[in-house]
Amino acid sequence: MFAIIETGGKQYRVEEGLEFNVDLLKAEAGDNLSIDSVLLVDKDGETKIGEPFVQGAKVECEVLGHIRGKKIVVFHKRPKKDARKTQGHRQDYTQIKVKSITA
């Protein structure tokens with residue numbers, strides 16, 4: 001059984017027991033989280049597709065913690081001028097573990 005959920009403007013394919021990272025959520029480590037924006041549910045080959053969300057479908061998750069991604073370097077240079085700017089960025093993520101999928 002798997003589902004496709006939407007959180008943070010992105011879509012994720014999830015199964016029970018899967019651990020993955022999503023954009024930062026306002027939740028503490030150890031909290032239980034219920035995601036209602038389920039776009040698709042597949043159970044034993046029977047597929048339910050939402051318009052835009054599947055009615056009554058829910059994905060129960062547990063928040064494992066918060067982490068930061070790899071550092072990326074943002075470099076701006078203006079040609080023919082002596083202007084440059086270097087910046088770094090690290091994205092914040094929330095680690096989630098899927099406990100159950102109900103449809």
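The model is a predicted one. A search of the whole structure finds 1 aromatic pair, formed by Tyr-12 and Phe-20.

- Strand β1 covers residues 2–7, and Thr-7 belongs to it.
- Apart from neighbours within four places in sequence, Thr-7 contacts Tyr-12, Val-22 and Leu-25.
- Gly-9 is located in the loop between β1 and β2, the latter comprising residues 10–15.
- From C-alpha to C-alpha, Gly-9 and Leu-24 are 12 Å apart in space, while 15 residues separate them in sequence.

**Aromatic rings**

- A pair of aromatic rings is described by the distance of the centres and the angle of the planes.
- For Tyr-12 and Phe-20, the centres are 5.4 Å apart and the planes are at 40° to each other, an arrangement classed as tilted.
- The ring of Phe-2 has the charged end of Arg-13 over it, at 3.9 Å from the ring centre.

**Buried and exposed residues**

- Thr-7 counts as buried because its relative accessibility is 12%, under the limit of 20%.
- Tyr-12, at 17% relative accessibility, is therefore also counted as buried.
- Phe-20, the partner of Tyr-12 in the aromatic pair, has a relative accessibility of 12% and so counts as buried.
- Gly-9 is exposed, because its relative accessible area is 68%, over the limit of 50%.

Note on methods
Residues are numbered from 1 along each chain as its sequence is written. This is a predicted model: local features need pLDDT of at least 70, side-chain atom pairs count only at pLDDT 80 or more; totals for chains, interfaces and linings use all residues. Side-chain values use heavy atoms; hydrogens and water are left out. Helices (H or I, at least four residues) and strands (E, at least two) are DSSP runs, numbered from the N terminus. Buried means under 20% relative accessible area, exposed over 50%, partly exposed in between (1.4 Å probe, protein chains only). Contact means heavy atoms within 4.5 Å. Rings of Phe, Tyr and Trp (its six-membered ring) pair if their centres lie within 6.5 Å; planes under 30 degrees apart count as stacked, over 60 as edge-to-face and the rest as tilted. A charge sits over a ring if NZ of Lys or CZ of Arg is within 6 Å of the ring centre and within 35 degrees of the ring normal.
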